[in-house]
Amino acid sequence: MKHIQVVAAVIVKNDHVLIARRPLDKHKGGYWEFPGGKIETGESHEEALVREIAEEINIRIEAPQLFERIDFDYPEKSVSLNFFLTEAFSGEPEGLEGQAIKWVAWPELANYQFPEANQPVVKKLQNWFSEKS
Ligand SMILES: Nc1nc2c([nH]c(=O)n2[C@H]2C[C@H](O)[C@@H](COP(=O)(O)OP(=O)(O)OP(=O)(O)O)O2)c(=O)[nH]1
Ligand SMILES: [Mg+2]
């Protein structure tokens with residue numbers, strides 16, 4: 001089975017987190033995600049993350065910290081997801097690939113459908129916010 005390494009950003013501003021809706025023509029199209037994508041050959045995780053977020057969301061993220069790692073097998077491919085949390089960025093988020101983006105108050109996260117693999121990271125993030133507040 002095809003295996004890919006993915007980095008994704010959990011971008012936090014106060015009690016909100018930025019999510020994006022995957023384009024319909026992509027794997028898991030229509031699901032909400034933490035923006036990010038595949039690591040390219042020769043890139044570090046952090047380089048890939050900064051690049052993907054600039055390409056997709058038009059902001060520059062700073063000081064991302066590894067938050068959660070998840071390996072998951074979909075029927076069509078297996079993914080290693082590396083989620084990095086950051087509260088520091090410059091610029092104004094914008095969906096550069098035509099995708100919807102949204103700042104969601106953390107208690108509302110449960111109302112958005114994420115890919116199956118994301119279940120543990122969404123739960124961990126809800127715990128992270130609830131311990132902070
Ligand atoms: N970015 C992101 N991908 C996720 C999440 N959860 C999840 O299962 N995935 C899966 C869906 C995809 O199979 C893969 C990410 O690939 P991608 O389509 O975003 O890759 P990419 O941005 O490099 O896009 P491209 O090569 O198709 O243009 O990881 C998530 O929260 N964020
Ligand atoms: Mg992507």
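**View 1. Polar contacts of ligand 1.** A polar backbone atom of Phe34 lies 2.6 Å from a nitrogen atom of ligand 1. The model is predicted. On its own, ligand 1 has 630 Å² of accessible area, of which the protein covers 84%.

**View 2. The pocket that holds ligand 1.** The largest pocket is the site where ligand 1 sits. Two or more residues of the shell around ligand 1 come from each of the elements β1 (3-13), β4 (36-38), α1 (45-57) and β7 (78-86).

**View 3. Residues around ligand 1.** Ligand 1 is surrounded by 20 residues. His27, Phe34, Lys38, Tyr74 and Asn118 are the closest. Sorted by class, the shell around ligand 1 consists of nine nonpolar, four polar and seven charged residues.

**View 4. The aromatic pair of Phe89 and Trp103.** Across the whole structure, a search finds seven aromatic pairs. Among them is the stacked pair of Phe89 and Trp103, with 6.0 Å from centre to centre and 25° between the planes. Phe89 belongs to strand β8 (residues 88-90) and Trp103 to strand β9 (residues 101-105). The two residues are 14 residues apart, and their pair links distant parts of the chain.

Key:
Residues are numbered from 1 along each chain as its sequence is written. Chains are lettered from A and ligands numbered from 1 in the order in which they are written. This is a predicted model: local features need pLDDT of at least 70, side-chain atom pairs count only at pLDDT 80 or more; totals for chains, interfaces and linings use all residues. Side-chain values use heavy atoms; hydrogens and water are left out. A residue is near a molecule or strand if one of its heavy atoms lies within 4 Å of it. A polar contact is a pair of N or O atoms within 3.5 Å; within protein, one must be able to donate a hydrogen and the other to accept it, and residues adjacent in sequence count only if both atoms are side-chain atoms. Accessible areas come from the Shrake-Rupley method with a 1.4 Å probe; for residues, only the protein chains shown count as cover. On a 1 Å grid over the protein atoms alone, a cavity is a set of points where a 1.4 Å probe fits but cannot get out, and a pocket is an open set with protein on both sides within 12 Å along at least five of seven lines; lining residues have an atom within 4 Å of a point. A molecule sits in a cavity or pocket if more than half of its atoms lie within 2 Å of its grid points. Helices (H or I, at least four residues) and strands (E, at least two) are DSSP runs, numbered from the N terminus. Ala, Val, Leu, Ile, Met, Phe, Trp, Tyr, Cys and Pro count as nonpolar, Asp, Glu, Lys and Arg as charged, and the others, Gly among them, as polar. Rings of Phe, Tyr and Trp (its six-membered ring) pair if their centres lie within 6.5 Å; planes under 30 degrees apart count as stacked, over 60 as edge-to-face and the rest as tilted.
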